[in-house]
Amino acid sequence: MNWILLTIAGLFEVAFAFCLGKAKETTGHEMYGWYAGFLVTLCLSMALLIKATQTLPIGTAYAVWTGIGAVGTVLVGILVFKEPTTFLRLFFLTTLIASIVGLKVVSH
């Protein structure tokens, strides 16, 4: 169950990075709405991370959480914000995913 919570926490990390990106593109009240979304998703992400680390090893949980956030944020950057897609970027993204899976496999 805590692995599921940790995964959801990582997805909320992607959401708060997305909100930051959208806030950068907007002005006025819309910008403040995106910043509010950032704060809400940040709090949800942290709360779920705290809950997950009650039973999971902190080092593994934190690495998986940041890894999900990093992978998701890069994918959002490519798909939504039209950031460049290069071979090396995709190669290192793949190695990051493999590392996250490896940490999950070897944790107790």
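Author: Gladly, and let us start with Thr60, which has a relative accessible area of 12% and counts as buried. This is a predicted model, in which local features need pLDDT of at least 70 and side-chain atom pairs count only at pLDDT 80 or more, while totals for chains, interfaces and linings use all residues. Residues are numbered from 1 along each chain as its sequence is written, and side-chain values use heavy atoms, with hydrogens and water left out.

Reader: Why is Thr60 called buried?

Author: Buried means under 20% relative accessible area, exposed means over 50%, and partly exposed lies in between, with a 1.4 Å probe and protein chains only. Thr60 has 12%, so the label is buried. Across the protein chain, 33% of the 108 residues count as buried.

Reader: What makes Trp3 a contact of Thr60?

Author: Contact means heavy atoms within 4.5 Å. Leaving aside neighbours within four places in sequence, Thr60 is in contact with Trp3, Leu103 and Ser107. Thr60 itself is in helix α3. For the protein chain, residues 24 or more positions apart make up 70% of the contacts with a separation of 6 or more.

Reader: How do you know what counts as a helix in this protein chain?

Author: Helices are DSSP runs of H or I with at least four residues, strands are runs of E with at least two, and both are numbered from the N terminus. By that rule the protein chain has four helices and zero strands, in the order α-α-α-α from the N terminus. The C-alpha atoms fill a box of roughly 50 × 35 × 15 Å along the principal axes.

Reader: Val76 is in helix α3 too. Is Val76 buried or exposed, and why?

Author: Val76 has 18% relative accessibility, which is under 20%, so Val76 counts as buried. Beyond the neighbours within four places in sequence, Val76 is in contact with Val14, Phe18 and Phe81. Val76 and Glu25 are 51 residues apart in sequence and 15 Å apart in space, C-alpha to C-alpha.

Reader: What makes the pairing of Glu25 and Lys22 a salt bridge?

Author: A salt bridge needs a side-chain nitrogen of Lys or Arg within 4 Å of a carboxyl oxygen of Asp or Glu. Glu25 and Lys22 are at 3.8 Å, N to O, so the pair qualifies. These two are three residues apart in helix α1 (residues 2–25), which means about one helical turn separates them. Lys22, at 22% relative accessibility, is partly exposed.

Reader: How many salt bridges does the structure hold?

Author: There are two. Besides Glu25 and Lys22, Glu83 and Arg89 meet at 2.9 Å, N to O. Glu83 has 34% relative accessible area and is partly exposed, as is Arg89 at 26%. In general, side chains of opposite charge can pair when their charged atoms come close.

Reader: Why is Ile97 part of a nonpolar patch?

Author: Patch residues have over 30% relative accessible area and no salt bridge; nonpolar side chains (Val, Leu, Ile, Met, Phe, Trp, Tyr) are joined within 5 Å, and like charges within 9 Å. Ile97 has 38%, so it passes the area limit, and it counts as partly exposed. The patch consists of Ile97, Val101, Leu103, Val105 and Val106, with about 430 Å² of accessible area together. Such areas come from the Shrake-Rupley method with a 1.4 Å probe, and for residues only the protein chains shown count as cover. Ile97 lies in helix α4 (residues 87–106).
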